[in-house]
Amino acid sequence: MITREIESDIRAFEQNAALYIETNFSERTDALDFIDFHIIDRIEGLPTNNNLAALKRKAEHIKCKLEKINVLLFARLRENIRDGVYTGSSFKKMIEKYNGYAIADSQQLNKIGYDDLDVFINGLLSNEPVPEPTRSLTPEMVFYQKTPARAVLEMTELLQFTDHDVFVDIGSGLGQATMLVNLLTGVASIGIEFESAYCDYAETCASQLNLHGVSFINTDALEADYSCGTIFFLYTPFGGTMLQDVLEILHNEAWKKAIKIVTYGPCSAVITQQTWLECVNGCANDPYVLCVFNSLNSR
C-alpha cells in the first residue's frame, strides 16, 4: 500500500503541468517540500528494494527539474535587478507576480513565521552560500534570525518614504531587509552588523545586484554612527542594557531631527515604554506585529 501511495504521488507530480510554468513559484515550492519530506525521506525510512529505489530515482529526477526552473528564474531576475529593470513599483509587481498575492493583502501580512515568500526572497537576492558566524555574541545579543520578508514589505507599505530618508537596519544580518527596502523604495539603506562574515556576505550580495544605494557597516551597534539615519529598524537584535543604551543613542538623534523606529519581535514591548516615542502603528505587546514609533522630541 505504501509503495502504491508513493507511485501515485510521483505520477501526480509528473502529470501536473502547472508546476513547470515559471510563474507558479509557490506551487512549485510546496511540491519540492512534499517530494523531500513525504516521498524521498519516506522511502529512505523503508526497507530497500528495487521498486523503491526506482521510485526514489524518479522523485529525485522530478525534484531536479523543478529546482532547475527556479535556478534559471532567479538568475534572470537577478540580472534584471542588476540592469535596473526592477526598482520601486516594478520590483513590487514582480514579487506579486511570482508569489500570487498583493503585498498589501492583510491576510498575508498577518501570518506568523516564514513562508514561500521567504523562500523566494532567499533565492532572489543571492545564490551565495550562507557563511557560518565567526564571532561570539555578548550575553545580551540575540542569535541571528532573518526578518520575515512580509514584515519588510509591510513596513514599506506603512511608511511614506521620501528621497530625504535614510533607512538603517540595526542588526542587519545577511542584509535582506536592507536590500529589500532599497529595492522597494529607492531610499539609501544602511545595515549595521556585528558579525563580520554576515556583513561581508551582505556586501557581496548588494554588489552583485548593483545596488549603489545600499551599504553595510561591520561594527557594534553601540559604536555605530546614526547621524544620517531617519528610519531605524530593529528585529530584536539584542536586549537588556544594550537595547536601552542603543535607544538612548537614538534618543539623542531625535533631539536633532524627527526619526521613526520600526520594530518586530519582543523588543517592541520595551520600546513602547520610551516616553520620547509614540507608537503610531501596531500592538507592541504582540511580537509578531510590526510596530512603528515616531519621535516626540523634535515637535
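Student: Which residues are linked in a network of salt bridges?
Tutor: Glu-253, Lys-256 and Lys-257 are linked in that network. A salt bridge here is a side-chain nitrogen of Lys or Arg within 4 Å of a carboxyl oxygen of Asp or Glu. Keep in mind that this is a predicted model: local features need pLDDT of at least 70, side-chain atom pairs count only at pLDDT 80 or more, and totals for chains, interfaces and linings use all residues. Residues are numbered from 1 along each chain as its sequence is written, and side-chain values use heavy atoms, with hydrogens and water left out.

Student: How far apart are the closest N and O atoms of Glu-253 and Lys-256?
Tutor: They are 3.5 Å apart.

Student: Is Glu-253 buried or exposed?
Tutor: Buried, with a relative accessible area of 8%. Lys-256 counts as exposed, at 61%. The cut-offs are under 20% relative accessible area for buried, over 50% for exposed, and partly exposed in between, using a 1.4 Å probe and protein chains only.

Student: How many salt bridges are there in the whole structure?
Tutor: A search finds nine. One of them joins Glu-157 to Lys-92, with the closest N and O atoms 3.1 Å apart. Glu-157 lies in helix H7 (residues 149-158) and Lys-92 in helix H4, so this pair ties together parts that are 65 residues apart in sequence. Helices are DSSP runs of H or I with at least four residues, numbered from the N terminus.

Student: What about the exposure of those two?
Tutor: Glu-157 is partly exposed at 31% relative accessibility. Lys-92 is partly exposed too, at 25%.

Student: Which residue does Arg-150 form a salt bridge with?
Tutor: Asp-115, and the closest N and O atoms are 3.7 Å apart. This pair links distant parts of the chain. Arg-150 is in helix H7, while Asp-115 is in the loop between helix H5 (106-109) and H6, 35 residues apart. Both residues are buried.

Student: New topic, helices. Which residues of H1 are buried?
Tutor: Ile-6, Ile-10 and Phe-13 are buried in H1. Seen down the axis, they fall within an arc of 60°, so they line one face of the helix. That arc is taken from the directions from the helix axis to the C-beta atoms.

Student: Why would residues spaced like that point the same way?
Tutor: An α-helix has 3.6 residues a turn, so residues three or four places apart point the same way.

Student: What does the other face of H1 carry?
Tutor: The face turned away from the buried side carries the exposed residues Arg-4 and Gln-15. The cover over the buried residues of H1 includes H2 and H3.

Student: Where does H2 bend?
Tutor: At Ile-35, by about 30°. The bend is the angle between axes fitted to the seven residues ending there and the seven starting there. Ile-35 is also one of the buried residues of H2, among them Phe-25, Leu-32 and Ile-43.

Student: What do the buried residues of H2 pack against?
Tutor: Helix H1 (2-15), helix H3 (50-82), helix H4 (89-99) and helix H6 (116-125). Contact means heavy atoms within 4.5 Å.

Student: Last one. Where is Gly-84?
Tutor: Gly-84 sits in the loop between H3 and H4. Gly-84 is partly exposed, with a relative accessible area of 41%.

Key. Helices (H or I, at least four residues) and strands (E, at least two) are DSSP runs, numbered from the N terminus.
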